[in-house]
Amino acid sequence: EMCVSFDQLCNLVDDCGDGSDEKGCRNHFECKSSRFYVPLVQKCDGKVNCLDHSDECNEGCGKEILSGVWLKLLAGSIGVSSVLLNTVTLVRSFLRIRDMKRAVLCNRTLSILINFG
């Protein structure tokens with residue numbers, strides 16, 4: 001059973017809503033994270049067409065953003081370390097600001113008491 005006419009098959013548009021009219025076509029590439037279709041001439045051309053970059057960074061293009069297991073592990077550990085250190089820095093900054101507010105409040109109270117005394 002066909003949901004579209006013959007001229008709507010392999011036209012880079014998901015006319016059926018489930019991608020069935022674009023499956024198995026040889027004139028385009030399907031982005032990995034979405035049902036977005038890119039003409040084959042735009043795959044591996046140096047210009048990003050898919051939001052997930054899958055038209056440029058894939059095995060077929062011979063390019064990966066990070067290649068090698070150790071490099072990927074290193075990049076991941078640097079990312080996790082950065083998040084942890086930034087969190088520690090934010091907490092410390094918050095605590096300093098809180099302490100400063102207390103000191104300012106204490107100083108204002110003392111100056112009011114001195115003025116009355």
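Reader: Why does C25 count as buried?

Author: Its relative accessible area is 14%. Buried means under 20%, exposed means over 50%, and partly exposed lies in between, with a 1.4 Å probe and protein chains only. So C25 falls in the buried class.

Reader: What kind of model is this, and how are residues numbered?

Author: This is a predicted model with residues numbered from 1 along each chain as its sequence is written, and local features need pLDDT of at least 70, side-chain atom pairs count only at pLDDT 80 or more, while totals for chains, interfaces and linings use all residues. Side-chain values use heavy atoms, with hydrogens and water left out.

Reader: What makes C10 and C25 a disulfide?

Author: Their sulfur atoms are 1.8 Å apart. The definition asks for a pair of cysteine sulfur atoms within 2.5 Å. So the pair C10 and C25 qualifies. The link is left-handed, with -80 degrees about the S-S bond. It connects distant parts of the chain, 15 residues apart, with both C10 and C25 in the segment before β1 (28-30). Strands like this one are DSSP runs (E, at least two residues), helices are runs of H or I of at least four, and both are numbered from the N terminus.

Reader: Which class does C10 get, buried or partly exposed?

Author: Partly exposed, because C10 has a relative accessible area of 27%. C10 also has a positive phi of about 55 degrees, although it is not a glycine.

Reader: How many disulfides does a search of the whole structure find?

Author: Three. C31 and C50 form one of them, S to S 1.9 Å. C44 and C61 form another, with sulfur atoms 1.7 Å apart.

Reader: What is the handedness of the C31 and C50 link, and where do its ends sit?

Author: Left-handed, with -75 degrees about the S-S bond. C31 is in the loop between β1 and β2 (37-39), and C50 is in the loop between β2 and α1 (69-116), 19 residues apart. C31 is buried because its relative accessible area is 3%. C50 is buried too, at 2%.

Reader: Why is H28 called buried?

Author: Because its relative accessible area is 9%. H28 is found in strand β1.

Reader: What does the side chain of H28 reach?

Author: The backbone oxygen of E22, at 3.2 Å. It also makes a polar contact with the side chain of N27, at 2.7 Å. A polar contact is a pair of N or O atoms within 3.5 Å; within protein, one must be able to donate a hydrogen and the other to accept it, and residues adjacent in sequence count only if both atoms are side-chain atoms. The H28 to N27 contact joins two side chains, so it meets that rule.

Reader: Which other residues is H28 in contact with?

Author: Leaving aside neighbours within four places in sequence, the list includes C10, L12, Y37 and V38. Contact means heavy atoms within 4.5 Å. L12 sits in the segment before β1. L12 has a positive phi of about 70 degrees, although it is not a glycine. At 29% relative accessibility, L12 counts as partly exposed.

Reader: What makes K23 and E30 a salt bridge?

Author: Their closest N and O atoms are 3.3 Å apart. The definition is a side-chain nitrogen of Lys or Arg within 4 Å of a carboxyl oxygen of Asp or Glu. So K23 and E30 qualify. E30 is partly exposed, at 29% relative accessibility.

Reader: How many salt bridges does the whole search find?

Author: Two. R102 and D99 meet in a salt bridge at 4.0 Å, N to O. R102 and D99 are three residues apart in helix α1, so about one helical turn separates them.

Reader: Why is R102 called exposed?

Author: Because R102 has 52% relative accessibility. D99 has a relative accessible area of 40%, so D99 is partly exposed.
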